[in-house]
Protein chains: 2
Amino acid sequence: MALIVAKFGGTSVADIQRIENAAAKVVREVEAGNKVAVVVSAMSGVTNQLVDYCTQISPMHDVREYDVVVSSGEQITAGLMAMALQKKGITARSWLGWQIPILTNDVHGKARIEDIDTEELHKRLNAGEVAVVPGFQGVTKAGRISTLGRGGSDTSAVALAAALEADRCDIYTDVTGVFTADPRVVPDACKIPKISYEEMLELASLGSKVLQTRSVEMGAKSGVPIQVLSSFGEHIGSDLKGTLVTREESIVEQEVVSGIAHNLGEAKITVVGVKDVPGVAARLFEPLAKAAVNVDMIVQNISSNAGTTDMTFTVPRTDLQRAMKVLQEDTDFEEALDIRVNENVAKISVVGIGMKSHAGVANTMFKTLAAKGINIEVISTSEIKISVLIDEDYAELAVRALHDAYGLEEYCKIA
Amino acid sequence: MALIVAKFGGTSVADIQRIENAAAKVVREVEAGNKVAVVVSAMSGVTNQLVDYCTQISPMHDVREYDVVVSSGEQITAGLMAMALQKKGITARSWLGWQIPILTNDVHGKARIEDIDTEELHKRLNAGEVAVVPGFQGVTKAGRISTLGRGGSDTSAVALAAALEADRCDIYTDVTGVFTADPRVVPDACKIPKISYEEMLELASLGSKVLQTRSVEMGAKSGVPIQVLSSFGEHIGSDLKGTLVTREESIVEQEVVSGIAHNLGEAKITVVGVKDVPGVAARLFEPLAKAAVNVDMIVQNISSNAGTTDMTFTVPRTDLQRAMKVLQEDTDFEEALDIRVNENVAKISVVGIGMKSHAGVANTMFKTLAAKGINIEVISTSEIKISVLIDEDYAELAVRALHDAYGLEEYCKIA
């Protein structure tokens, strides 16, 4: 008998039929002898509608009231899911954030979970009752509703699984798992059966929008295995047909490279010829941070002009105008010779925990891209990731070539 | 300085523009030096959508989960209203049923308010803060969300006004007040400036769907004056342009008759020739009550057949089939000679607290109807009301003739 937290995302509870399908999966887990806590998102479209109401009143609305408004989406699904389970003969009830309670800090709109009281939940789960918990919401010490930020239902699910010391947290979604590359780009992309939290974090933040980053961090911290799987089709979580995100040491057949991520929608900015003195990076990036520009890759090169340096960094293309405004208004950088922008770049990343102990991973990447005549504009590396910036037009070609070069179609044989 | 509870119904908060219009009225009350608590309904259409979801899952859904689902409609409006007030420079916050708390019994779906903790609310109101409370919802002692039944936001508002010992409860709606007759039938119908709780109760239950019956009962018990007024147009509650429902003694210029109500959609059933013995009425109506048939007027006549009696009663036409099924299956009534049904009847009622002390009110009614050649099928009276059942085809003619006969156009001169 296992204790499982099963989370259903917005498309998995988009209408009553889908809520009933999701409930059927929970029933099968219960019939298999498992204890189940269910976490639900809002029906797809509902949160956007509620956010739109708030923005219509004022883009600067009180975020505490925003939390009151938007948390109702998950509340609705929780009640409906409990009904759907009861209809199928299961004892179930909804537990709102304030009823459990799921205590958060008071950073409304982006709250962090601080504590989940599991005593009563454990009692009910042990008695065979299914607990249905709305994702995304909690309550502050002051007794006000808080929300965890967009996509926060994944975080709710993993946090609840950690607090309950669950055996597994199943994240039912509209994809069948985590893939070695985007299947729309690489038709041969394979589902990865097991992946480490660290790799998943790199893939999550690199545009593979399967799991919310914070939920993976929380999984890494608590060690609760997270399974990403499709809510469509016949299987249930315990069939283990999805991708299991887990501790590195529990992955026996570790490949060197797990996946190729690509991220379009980047823009590259180079500030040419700034004085090469200590503190120049801080002077450059502090005003950008203050303007909430999300700076990603940063590379500093020696400039061809003596005593100066060139700073290159990327920002999401949607932040480009804001970034340029900051840089042009920043009188400190009047000294710069030029600010160059390239809006036509893509970031390609090779991710794999195995590259820690394998040499030549980077070299394979560079050789592969060179063989296709693809120029690398910027390189940035971490322990388990190599990212390069290339011309956006070559992004799909690069991903396919790299997928081949690292033999990632091998994953299809494991799964 | 007065303490006012202002309640806005579904059509008054149907979209963001209307929520902002409603907020503007609250702001003007605050600027006039009043303390204001706002009670809001769900945006129109929202509750129906949520109820529909529940019914889709199962018509026999768990009513505790129904309360979780449907209460979210008012929760959304409460957050939005608080934002709209803040945007206009008012300090405001939402107070959900469980946050105040508004304690109810545990009859989910149709709960009754037992206690409202006003200490913190009073503190905030005294400090100039506006409290925004979602109508229709409360919390049980077990800490679960409860709702008060459809139309319950009126009840929430009056209960809150009573608990806060407010000077007035303003019910903003889509009509300008309570009228001497349905203005769609009687173009000369006048708005009644003041009416007693007792009269309002008779009018409310007689098809003038302006205020929920329970809210009027609660007003009568607590003595808090309730004003019905339009949320459209320029005036605010303190301009007293609507209809004030209040204690009889505070109405100085009391007319004999306040209004003429008519109720279509009735059906008349006569059970002919049942044994005239003690207990026959109980035997007849108990199975109907068990089948949740809403029996209204009841009249018992001596039958033309010796030793037997005829029982006549009315039911909503929508309950007719169910009622007939009960009667036909009831073997006790095989003895009855016949069961006659008339689906083409209307109930016309003359309501007025003044008729307690004025003779001839009933006679005027009978004479007026006779003069128009309208046959009366059933008569039923209370202290402040006379109701008759007539052929539905003559309903509008009857209402207009009675409106004339009692000189109700006089009200237009007072207002």
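Which residues of helix 6 of chain B meet helix 8 of chain B? The views below start there.

This is a predicted model, where local features need pLDDT of at least 70, side-chain atom pairs count only at pLDDT 80 or more, and totals for chains, interfaces and linings use all residues. Residues are numbered from 1 along each chain as its sequence is written, while chains are lettered from A and ligands numbered from 1 in the order in which they are written.

**View 1. Helix 6 of chain B against helix 8 of chain B.** From helix 6 come Asp154(B), Thr155(B), Ala157(B), Val158(B), Ala159(B) and Ala162(B); from helix 8 come Arg214(B), Ser215(B), Met218(B), Gly219(B) and Ser222(B). Helices (H or I, at least four residues) and strands (E, at least two) are DSSP runs, numbered from the N terminus.

**View 2. How helix 6 and helix 8 of chain B cross.** The axes of helix 6 (residues 152-163) and helix 8 (residues 213-222) come within 8 Å and cross at roughly 15°. Axes are lines fitted to C-alpha atoms, for helices over the stretch in contact, with angles from 0 to 180 degrees between N-to-C directions. The two helices of chain B are therefore roughly parallel to each other (angles under 35 degrees).

**View 3. Where chain A touches chain B.** Each side is listed by chain: 27 residues from chain A and 27 residues from chain B. On the chain A side, helix 2 (46-57), helix 3 (63-70) and helix 4 (72-87) each give two or more residues. Helix 4 of chain A supplies the largest share, 11 residues.

**View 4. The rotation axis relating chain A and chain B.** Copies are superposed by least squares on the C-alpha atoms of residues with pLDDT (the predictor's confidence in each residue, from 0 to 100) of at least 70 in both. Ser72(A) comes closest to the axis of the residues of chain A, at 2.7 Å (C-alpha).

**View 5. A cis peptide bond in chain A.** The bond from Ile100(A) to Pro101(A) is cis, with omega near -15°. Pro101(A) sits in the loop between strand 3 (92-94) and strand 4 (102-104) of chain A.

Definitions and conventions: Angles under 35 degrees count as roughly parallel, over 145 as roughly antiparallel, 65 to 115 as roughly perpendicular and the rest as oblique. Two residues are in contact if their C-beta atoms, placed from the backbone, lie within 7 Å.
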